[in-house]
Amino acid sequence: MALLNILHFPDPKLRTVAKPVTEFDCELKQLVANMFETMYEAPGIGLAATQVDRHIRLLVMDVSEERNTPQCLINPEILESDGEQESDEGCLSVPGFYENVKRAGHIRVKAQDESGKSREFEADGLEAVCIQHEMDHSQGKLFVDYISSLKRGRIRAKLVKMKRNNELG
Ligand code: K1U
Ligand code: ZN
């Protein structure tokens, strides 16, 4: 397995709209394994392929406290959503910044697994927040797009400076 390089805001590659996964082969399974390793090491509760410069509709996540419930969602779709929840979100592509974001409180999701098998399930709380956050990445959207342009500009300037000073790892 291998750790993958995570892109940081404002890298324009993070704005790429991901394409559906069509081949469920060994290469895909290797990417999924590497993304889990990268997410656990970071540490994070989720990671989208877009963040590691692979522009396909794939995300991994583990929102369990024990960090023992890995989930891989391929070509995910939100079939239904209702309610509203607000919580602080972070992002491995925007390190060190947390902002309050409003999301649907309850979602019904359809997604494929690494073998291409489709399943449907419901999510709420942190799991629903994480799925919506990671699916935004596949659309080239970041949580900083939900805050004011003034705040986003400040975060951008700080991260550009940190990158220049080699402080982003
Ligand atoms: O960059 C990412 O997409 C991962 C991101 C996911 C996320 C966090 C919070 C709300 C919605 C989505 C993170 O994992 S940031 C790190 C983080 O929140 C965390 C890390 C370790 C333990 C607990 C939380
Ligand atoms: Zn993120």
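**Exercise 1.** Which of the 13 residues around ligand 1 come nearest?

*Solution.* Begin with the ground rules. This is a predicted model, where local features need pLDDT of at least 70 and side-chain atom pairs count only at pLDDT 80 or more, while totals for chains, interfaces and linings use all residues. Residues are numbered from 1 along each chain as its sequence is written, chains are lettered from A and ligands numbered from 1 in the order in which they are written, and side-chain values use heavy atoms, with hydrogens and water left out.

Next, collect the shell: a residue is near a molecule if one of its heavy atoms lies within 4 Å of it. Of the 13 residues around ligand 1, the nearest are I45, G46, Q51, L92 and E134. Finally, sort the shell by class: 5 residues are nonpolar, 6 polar and 2 charged. Here Ala, Val, Leu, Ile, Met, Phe, Trp, Tyr, Cys and Pro count as nonpolar, Asp, Glu, Lys and Arg as charged, and the others, Gly among them, as polar.

**Exercise 2.** Which protein atoms are the donors of the zinc ion (ligand 2)?

*Solution.* First apply the cut-off: donors are N, O and S atoms within 2.8 Å of the metal, and water is not among the atoms, so sites may look incomplete. This gives SG of C91, NE2 of H133 and NE2 of H137, lying 2.1 to 2.3 Å from the zinc ion. Now read the spacing of these donor residues in sequence, which is C-x41-H-x3-H. Both H133 and H137 lie in helix α2, 4 residues apart, about one turn of the helix. Helix α2 (residues 125-138) also gives the most to the shell around ligand 1, with 4 residues. Helices are DSSP runs (H or I, at least four residues), numbered from the N terminus.

**Exercise 3.** Locate the cis peptide bonds at P10 and P43.

*Solution.* The F9 to P10 bond is cis, with omega about 10°, and P10 is found in the segment before α1 (26-41). The bond joining A42 and P43 is also cis, with omega about -5°.

How values were computed:
Helix = DSSP H or I, 4+ residues; strand = E, 2+ residues; numbered from the N terminus. Donors = N, O, S within 2.8 Å, 3.2 Å for Na, K, Ca; no water.
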